[in-house]
Amino acid sequence: MRYSLASLLANALTGNKNWKPVWREPEPKRSYDVIIVGGGGHGLATAHYLAKEHGITNVAVIDKSYLGSGNVGRNTTIVRSNYLLPGNEPFYEWSLKLWEGLEQDLNYNAMVSQRGVLNVFHSDAQRDSFVRRGNAMRFHGADAELLDNDQVRALVPFVDLDNARFPIRGGLYQPRGGTVRHDAVVWGYARSADQRGVDVIQNCAATGFRVEKGRIVGIETEKGFIGAKKVALSVAGSSSRVGEMVGLRLPIESHVLQAFVTEGIKPLLDTVITFGAGHFYCSQSDKGGLVFGGDIDGYNTYAQRGNLPVVEDVAEGGMALIPAIGRLRILRSWGGLLDMSMDGSPIIDRTDIDGLYFNGGWCYGGFKATPAAGWCFAHLIATGQPHPYAAAYRFDRFASGRVIDEKGMGAQPNLH
Amino acid sequence: MSQINRLMKRGLVDRDKSISFRFDGQRLEGHPGDTLASALLANGIRLVGRSFKYHRPRGVLTAGSEEPNALVELRTGAHREPNTRATTIELYEGLDAASQNRWPSLKYDLLSVNQLVSPIFGAGFYYKTFMWPASFWEKLYEPTIRRAAGLGYPSKQPDPDTYEKANAFCDVIVIGAGAAGLSAALSAARAGARVILCDEDFVLGGRLLAERGEIDGKPTQEWAAAAAAELESFPDCRILRRTTVFGVYDGGVYAAVERVGDHLRKPAPYTPRQRLWRIVAKQSVVCAGAFERPIVFGDNDRPGVMLASAVRTYVNRFGVTPGRAVVVFADNDAALSTAKDLSDSGVEVRAIVDPRPDASPTAGQAATAIGAEYVSGIVDSVSGAHGIKSVRIKDTQGRMTLFNCDLLAVSGGWNPAINLTTHLGGKPVWDEARSCLVPGALAPGMRVAGAAAGRFSLDACLASGETAGGESARDCGFSPAAPSRSAPAQDDERVTPVWHVQSRGGKAFVDLQNDVTVSDVKLAAREGFRVPDHLKRYTTLGMATDQGKTSNLNGAALLAEVTGRYLGSVGSTTFRPPYTPVAIGALAGHHRGKEFRPKRLPPSHRWAEENGAEFVEVGAWMRALMFPKSGETAQETVDREVANTRNNVGVCDVSTLGKIDVQGPDAGTLLDRVYINGFSKLPVGKARYGLMLREDGFAMDDGTTARLADDHFYMTTTTANAVRVSQHLEFCQQVLWPELDVQTVSQTEQWAQYAVAGPQSRKVIEALLDSGQDISNEAFPYMACGTFTVCGGTPARLFRLSFSGELAYEIGVPARFGDALIRAIMDDGAEHGIGPYGTEALGVMRIEKGHAAGPELNGQTTAHDLGLGRMMSRKKDFIGRFMGEREALNEASRATLIGLKPLDPKMRVSAGAHLVPRHAKADAANDQGYVTSQAYSPELESFIGLAMLSDGPARYGEVVRVCDPLRNYETLAEVCSPHFVDPEGERLRV
Amino acid sequence: MRITCPYCGARGLEEFTYRGDATVTRPSSIDARATEAWVDYVYLRDNPAGLHKEFWQHSAGCRAWLEVARDTTTHEIVAVELAAKER
């Protein structure tokens, strides 16, 4: 069923009784050409692009819980392509381009809102490194602007520019950045993949992998064995746990990132803003809540929750940047499990097992990467070759030293 | 009397005193002890707000923090707090509140037309439209939606109040001071345990304040007051009223917010508005009570529909009747006391409506006793948009009866407040007998008692609280008395739940605040959103400011019904902190504005202030940026400071550099292993530059390390990495090589250190030194170090080091002499033309000398990139050697440190610009490097820059384009050695 | 989360700095063939869901590096000992 204002009106007149399920609930077939493990944004996007771009539709996406139960439903919904390094910037810029056409591609309103992303800076040294990054973006064809304090003030009048412990000296602004309604991304990709013939199977955890003579032949699941010519892992947050089933030892630690939303309020913040002197970033959702976060808790965890020191640190950053939010209340907090990789950048690559592909290590950049990760992972699965935009996201970069370390923090995941 | 619904007696309000307040500009009166909600009801005001989506008129539903409807903007101007629950606002003189989410007025709200077209506005409608044309989303659709969404208006001004944080430690924390909580606290405190008792309310007692039972022969209100008084008498029992425990964290950490000044017109002098408590408790007893749940029926949101227990609270605690003619609609016998309490207060109860198929005889008897009609049936419809006027009741035979009434008291049973028991991952368990979720596995040290555990009767609350409190004390090593009470059998608490009834009325709301209706839940299920989490995300059920406290389970029950599943297997969404919404200001405490982070001040700070320095934030430090003289531009100041240092002598506080003492017989060995170059053979009395790598082979930090004795080295690090390097050394020493006999300790704060630089610097230092100490070039050559005394016996360390490139010394004294030393240096240097210089001039001179600093040591560069590849020893193991030798870290094509001289000396070499070949296009394919640092060199009378350029050292003489499209700037520059000034270092050795 | 420092007693998380996996061992010598061991040590982690031996430093206290055994699914701390072994 195609979504449109007309279909909305027509269904309203018939009491909304004729809407069809957004996806089927199929039982798994005995085998597939491709099984994607992980029904999150990346897995479902991969299925969508496999079907749409490569004509591969004998595909199953399996998830241990409900669709979108992982990080795609636990992030702060920001999209941007303001990266420094040549290994990253073309990929994220392609992702942003895919976001720009996503809703028409999927016939699903994911509320892609290009309200701009502003990174403020507080010192000459920070400005210089932001300028380097902004110029890298411009070199790759992305948009970037350097704002002075008057321009920052015009954009976000309630920000504490002058009275601060670390006065703001300007900002790097990407107008095309913004936010996307995260759940809608899941549902839109799932609906599209389903309509193209992909089986989307919920509550079906992978419990093991069957490998014969160095080649994957299928997976064991809660619903029995399912054969597959190719298996694609898309389980960021649990990559090591799933990888362990098939003997993969990864350059990844699992960490938790907390996020917060306030009670709904009338419009306050019309852009995404990040603080440069502490850990705080914030946007306002269409429903009116301020959605914000900060630093990861910083220790290995699979518990999907964090602790109080980081909650306080984030609130402190928020009050330092926007002292007008003091009386607004945090309504909910939550935690998402991150694959923190050793250089802060992701992996989209083959593994040593024939037919087994890996997508993970997204740190806190996974949501904005969703379309391009799906696009490039589908390309790798379909053609066996890395997509040029993801060519740097290889496992072997760690051994060789060609790491993609945006922050220059080295092999210490909790510092990225 | 204006308070038309104030009862003549009952309640804990002080009728002798009046408080005046305003609601939507109307002046009203209440009494001390009131909440805003009770005062509004006392004044006969039923319409208090509008709903989120359909802008439906709404009244007060509850008497507590679970309130979904009665949200107001409290206070005005910068103090305005949107979305504040009228049911939890303690009335104070001058209170000013306004209704929200309505325009132009609460009574006539234009957006209430939304409900007329509600079939279009069903669950998730926005995912299906607003897609064409794409650009209209940001321009038209989204701004329209945003203006309509949200609830109250934020002030948009800095929060004028203050906040603070406090820590507390105890044996047992008791959360909630109702029957169970008071019992628990009493038994723990009597056993001698250190107890903290927290309650969100301003009076202890919980439901005891709202009911008319008796405990030990005393009315419950009196018993609660006596219990509170006894608890106050224990020196180790802290009672925190107006304090909500909002989060449970690992290791027995409980986070709470105390509303210190919210019940006052403004906080008392020197007190915060709110205080964040971090409470560390060995044991906890959660006695958070329960939430009564509504029954879902058509138009169940009309003002005048109220939870039955809330009605009792208003009658018994506040002496207010929310209505004058009442119908009670309940699926449990407990709610019958609402009818009785109203009747006893002279309020007419017209009917008791019982929807249970197995209606109990008790209900009929209760009705008869108060002269009300008893109907076994359901509410079929409700009339009265701004406040109910009548309800139509349908009995089991289908007969309709109309009751005129202005209050419909509803009860669908109770949900334990299990929220805190799930914060650490505990999964709630479905209790079929009591039809509610009860706590599952509990966090270490946690117990749950009373209604929060699903034990709803008063006796069970008292007994389970007493037991839990005693056991908690016992687990902390105390010997509690044997329990005095025993809990009644649980069978008495069996209920037959009625989640929703099929009625003819209008919209039937499951989530009142977010306007999620029965048809929305059905639509979501039809479209495949069949787990509670999908339902929540698709319909927004349970995502409003009340976090679904009155709606989640009703939603799950409806979902179970629609999808034909057993409610117990449907599952639930996860409760996460905070329990009730918490102000961001409270979590931030005083960390805002200039107090966001502590300031570190170097020893010369006061002196620098006196001398007109401009300061700059360098990490946590405030450093002198420059010392301007009147009439100078910034550039002139820096040029003067540089020239004076190069021509005469300058002084700069370098105390912020990390300083680490390394002592022990194996000190040299440790340094050999952390630096790429050798230190164990460094002679005593000498210093050496060193570079450290991370274990992945990239550069971590650099600095000089001096050998003061055979077993004593003194290391300096960059200001930025002082902490990190210190931790790194401790890791190496404690974990990697514990067999080495060496200790390290940070001394950054212990030593004041000044760079005295320039051709005249030796004379200045000589003047400082006590007589008989020789620092001639022969006795104390370049890179020498030693201990001396200055200014009449003050111990000092002297290093002949130079960052500026001139003859220079760094002199250190214990930090307490730092202020005196800078003054002495200035005095002794006056005749040699000494002038202070700040970090800006320091930066210019280091760029002129080509010394790498923060912009070059950016964590992405290697020893090779910094031009120091040959320093890497091949004779020893050191941190980062193996990985640092990898080909990828050493290939010529890597961007490597070079200097840049613009062809036109007046053109800046823009820091952050990228470099491309002279005739190539400025794009990613031609990107060969970037400018790290730039400065104007007074000596060269030209702008200069340091940059990282692919194959840089092989390209001296080549002209490259310096491209800064971000600033729309471009220039041409010649690649050169980064050592612009005195490349051979001759000035250092004179 | 609270960690019981062997020197200082139970202290809050905010006093500690995390480093990571304490089961990896720095390859002991410079051996040109040790590439795999070094890649393992610097980059690869077991990252278990369950008991995890990890390094923390009591950085705002006694500066001791600690070896902590902690469950990554519950955050329960099972054991804490000094990372500096007997000399």
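## Cavities and backbone features

In this predicted model, there are 11 cavities of 30 Å³ or more. The largest cavity has a volume of about 270 Å³. Its lining is made up of 20 residues. Nearest its centre lie L437(B), N552(B), L553(B), S572(B) and F575(B). Three elements of chain B give two or more residues to this lining: β24 (414-416), α10 (532-539) and α11 (552-562). The largest share, four residues, belongs to α11(B). Sorted by class, the lining holds 10 nonpolar, eight polar and two charged residues.

Now the backbone. Chain B has a cis peptide bond from W103(B) to P104(B), with omega near 0°. Another cis bond joins W132(B) and P133(B), where omega is about -20°. P104(B) sits in the loop between β7 (96-99) and α2 (136-148) of chain B. P133(B) also lies in the loop between β7 and α2 of that chain.

The table gives two residues.

| Residue | Phi | Loop |
|---|---|---|
| N107(A) | about 55° | between α3 (89-106) and β4 (117-121) of chain A |

N107(A) has 6% relative accessibility, so it counts as buried. N47(C) has a relative accessible area of 2%, so it is buried as well.

Methods: Residues numbered from 1 in each chain as written. Chains lettered and ligands numbered in written order. Predicted model: local features only at pLDDT ≥ 70, side-chain atom pairs only at ≥ 80, totals over all residues. Heavy atoms only, no water. 1 Å grid on protein atoms, 1.4 Å probe; cavity = no way out; pocket = protein on both sides within 12 Å on 5 of 7 lines; lining within 4 Å. Points joined across faces, edges and corners; volume = space filled by probe spheres on them. Nonpolar A, V, L, I, M, F, W, Y, C, P; charged D, E, K, R; others polar. Buried < 20%, exposed > 50% of the residue type's maximum accessible area, 1.4 Å probe, protein only.
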